[in-house]
Amino acid sequence: MRSEYVEERTVVSHPPSTVWEVIGDPELYPRFVRGLTWVERITPQRGRGARYLLRVEVEDEVEVLIYRDDEHLTWSSVREGRHRLSIRLRETSRSGTEIQVLLTLIAPDGDKHFPIALAQARRRINEAFGLLSDHLDGTPAPLPPKPRDPSSARGSALSVAKTLIKAGVLAPARPDRTLRQLAQLARWGATVTGGYQASSARGPDELAYQDEHAHRTFGEVEIRTNQLANSLSRYGVGPQSRVALLCRNHGAMIESLIACGKLGADVVLLNTGLAANQVAEVVRLHNPSVLLSDDEFAPLIQFIEQPIPRVSTWSDAPGNALTVEELIAGGSREKLTPPSKAGRIVVLTSGTSGSPKGARRPTPRGLGDAAAVLSRIPLRAGEKMFVAAPLFHTWGLAALQLGMPLRASLVLQRRFDPQAALAAIAKYRCTSMFAVPIMLQRMLDLPESVRSRYDTSSLRVVASSGSALPGRLVERFMDAFGDVLYNLYGSTEVSWATIADPADLRAARTTAGLPPIGTRIGILDSHGFATPPGTIGRIFVGNDMLFDGYTDGGQLALRHTLMDTGDRGYLDADGRLFVAGRDDEMIVSGGENVFPRPVEEILLALPQVRDAAVVGVPDSEYGQRLAAYIVLRPGSNLDADSVRTYVHQRLARFAVPRDVVFVDNLPRNATGKVLKRVLEDGHW
């Protein structure tokens with residue numbers, strides 16, 4: 001057995017007790033040490049004898065051998081015996097602290113390679129000293145450079161081109177079809193309409209979509225949407241008008257979006273999970289010329305006061321309402337001229353912490369917006385894309401918009417059913433899937449004997465977004481379906497912020513990942529200034545697809561050309577983002593700031609727990625306290641005291657939920673987000 005060691009020292013201008021606040025908590029180390037992506041305590045006790053799982057390229061387990069407050073911490077690898085780490089603190093004459101790090105790398109007999117190179121280890125230790133010093137001094141981390149810098153713009157343009165070529169968006173084809181494709185994009189822009197016009201020009205016989213009723217080629221969609229647009233124009237649909245859509249995932253919804261785009265009308269996407277009074281309020285505020293809706297939602301439109309023509313977009317039985325198919329059959333095939341100004345798509349916010357609001361989505365400026373996502377999610381031209389996420393939601397809409405430059409064939413099902421989804425993936429050999437986390441959970445909840453009936457080996461990408469992706473779910477899904485999982489963190493307002501690929505998720509299962517090309521991330525304090533390295537702050541995002549404001553005139557805060565997401569989090573030493581939780585979910589309990597999300601992650605790791613949510617409730621003694629709502633797996637047993645003990649073994653006392661409530665299910669909206677305001681109110 002051979003060993004080598006690296007020894008480095010530095011001095012910081014803070015007393016040992018202050019330095020120990022970081023050194024004494026190994027779970028904070030990834031915020032300062034590059035390559036150390038994950039540290040998690042797995043024993044109840046802290047200090048000497050505590051054990052941690054960690055990852056530096058591979059997973060390892062270490063045991064703390066020495067733990068003297070404000071003075072000395074030593075751990076040793078117990079799984080492979082590959083390294084030992086010693087950190088000593090010594091107070092200097094000027095009330096500062098000398099930090100001595102001794103890292104011993106061990107290579108077993110017959111193994112010539114150390115876990116990491118000595119030079120690399122030395123460099124990472126010194127980089128960590130710099131980040132730790134800045135953290136302790138309160139020195140702000142540098143913000144990413146503002147856009148429009150010529151040198152960065154050239155690099156960005158090159159990156160965009162490389163990404164589009166790799167994805168097959170820019171690929172050789174028949175010159176006449178390529179010219180027609182580019183001409184349509186130039187005429188209609190990078191809108192939903194422009195994307196389908198361009199796809200029709202390049203491959204009219206290629207499959208555009210298939211749902212439970214029909215399958216259509218791009219050429220057929222082109223003709224049908226001309227007919228639909230010409231019919232809708234008779235109802236006053238055109239520039240400066242609005243159309244409301246209340247639909248599940250099917251072809252009529254896509255064709256309605258395209259037809260409205262050809263007329264220059266704004267489209268308001270209504271959430272199918274809204275209550276009837278909410279639908280009435282959204283319609284009143286946006287005053288659409290026409291309402292297109294599936295027949296099943298007739299009860300939701302009963303309280304709309306103003307008279308609005310209604311068109312049926314999906315019916316399983318003959319009815320009295322005018323249908324989309326009738327409008328198409330009766331419409332002229334005459335092609336339309338692009339409007340002088342492209343219509344907007346209005347997406348409703350989730351409404352998990354208040355009433356849903358209309359957010360105006362910006363019109364894409366070109367293929368660079370698609371390239372941003374494609375730089376982190378390796379979708380390819382000709383994808384067979386199963387879109388499980390609702391099309392009225394930002395993530396489902398993103399699947400549609402990404403599918404356009406890729407000339408993807410969309411596979412649609414009106415209602416998500418986990419077994420039906422697996423059957424569709426196997427039958428159509430889908431190469432990608434867009435979903436929200438609860439859908440992935442429901443797929444995993446199927447017995448393995450059921451899942452194994454379906455061959456899902458065609459899947460290269462399973463892209464998830466819309467809500468937090470629990471770490472335990474990440475591991476289970478990739479173990480079952482392979483390393484195909486991609487997690488996009490974003491919002492209706494900022495579109496995307498970061499994307500975690502399978503390598504990120506294996507390295508740190510709870511990470512939100514890295515920003516794609518053309519995207520900037522800043523962690524700011526309550527005054528809008530950058531926070532020191534490793535500090536939790538408000539997450540701000542900059543990209544070319546920030547929303548244009550709410551339809552009621554509201555906006556979100558902008559700082560340094562970055563937009564507030566409403567979330568709080570931090571960046572680790574490798575630049576990966578970690579989301580601590582919503583800014584408005586943070587509670588102050590006994591003077592301590594507490595976020596529910598880490599508690600939820602702890603609860604969801606319990607094998608008995610199927611689902612969990614944690615919220616803050618008023619407390620007469622501490623101001624606020626945490627309340628946990630837990631759904632158990634069938635046949636499992638768990639009591640409140642066991643839950644509290646389990647959490648206390650892993651988190652500080654003030655993070656232990658005093659209220660533990662076992663429920664049959666959690667209230668969720670149509671996109672799977674837990675409605676925490678409903679939990680807080682107790683009216684459910």
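Helices (H or I, at least four residues) and strands (E, at least two) are DSSP runs, numbered from the N terminus. With that noted, I started with T561, which is in the loop between β25 (558-559) and β26 (562-571).

**Entry 1: ground rules**

I am working from a predicted model, where local features need pLDDT of at least 70, side-chain atom pairs count only at pLDDT 80 or more, and totals for chains, interfaces and linings use all residues. Residues are numbered from 1 along each chain as its sequence is written, and side-chain values use heavy atoms, with hydrogens and water left out.

**Entry 2: T561, continued**

T561 has 44% relative accessibility, so it counts as partly exposed; buried means under 20% relative accessible area, exposed over 50%, and partly exposed in between (1.4 Å probe, protein chains only). I also checked T561 against D639, 78 residues apart along the chain, and their C-alpha atoms are separated by 49 Å.

**Entry 3: two helices**

Next I turned to a helix pair. Two packed helices are described by the angle between their axes and the distance between the axes. Helix α10 (residues 367-374) packs with helix α11 (residues 394-406) at an angle of about 105 degrees, and their axes are 10 Å apart. Axes here are lines fitted to C-alpha atoms, for helices over the stretch in contact, and angles run from 0 to 180 degrees between N-to-C directions. I can therefore call α10 and α11 roughly perpendicular to each other; the cut-offs are under 35 degrees for roughly parallel, over 145 for roughly antiparallel, 65 to 115 for roughly perpendicular, and oblique for the rest.

Which residues in α10 meet which in α11? I found L367, A370, V373 and L374 on the α10 side, and L402, P405 and L406 on the α11 side, with contact meaning heavy atoms within 4.5 Å. The residues of this contact divide into 7 nonpolar, no polar and no charged. For that sorting, Ala, Val, Leu, Ile, Met, Phe, Trp, Tyr, Cys and Pro count as nonpolar, Asp, Glu, Lys and Arg as charged, and the others, Gly among them, as polar.

**Entry 4: rings**

Rings of Phe, Tyr and Trp (its six-membered ring) pair if their centres lie within 6.5 Å; planes under 30 degrees apart count as stacked, over 60 as edge-to-face and the rest as tilted. By this rule the count comes to 6 aromatic pairs. One of them joins W395 and F434: the ring centres are 4.9 Å apart and the planes are at 40 degrees, so the pair is tilted. W395 lies in helix α11 and F434 in strand β19 (residues 432-435), so the pair ties together parts that are 39 residues apart in sequence. Are these two residues buried or exposed? W395 counts as buried at 3% relative accessibility, and F434 counts as buried at 0%.

I then noted a charge by a ring: the charged end of R31 sits over the ring of Y570, 3.8 Å from its centre. That call needs NZ of Lys or CZ of Arg within 6 Å of the ring centre and within 35 degrees of the ring normal.

**Entry 5: a covered helix**

How many residues of helix α17 (residues 596-604) are buried? I get 8 of its 9, so the helix is mostly covered. The buried ones are P596, R597, V599, E600, E601, I602, L603 and L604.

**Entry 6: positive phi**

Most residues other than glycine have a negative phi, and most peptide bonds are trans. I looked at two residues with positive values. D70 has phi near 65 degrees; D70 is in the loop between β4 (58-68) and β5 (72-77) and counts as partly exposed at 33% relative accessibility. S95 has a positive phi of about 65 degrees; S95 lies in the loop between β6 (83-91) and β7 (97-107) and is partly exposed, at 43%.

E680 is in helix α19 (residues 676-681) and counts as partly exposed at 41% relative accessibility. Leaving out residues up to four places away in sequence, E680 touches V615 and G616.

D664 lies in the loop between β32 (659-662) and α19, and at 74% relative accessibility D664 counts as exposed.

Last, I308 is in the loop between β12 (290-294) and β13 (310-314). With residues up to four places away again not counted, I308 touches V283, P288, S289, V290 and L291.
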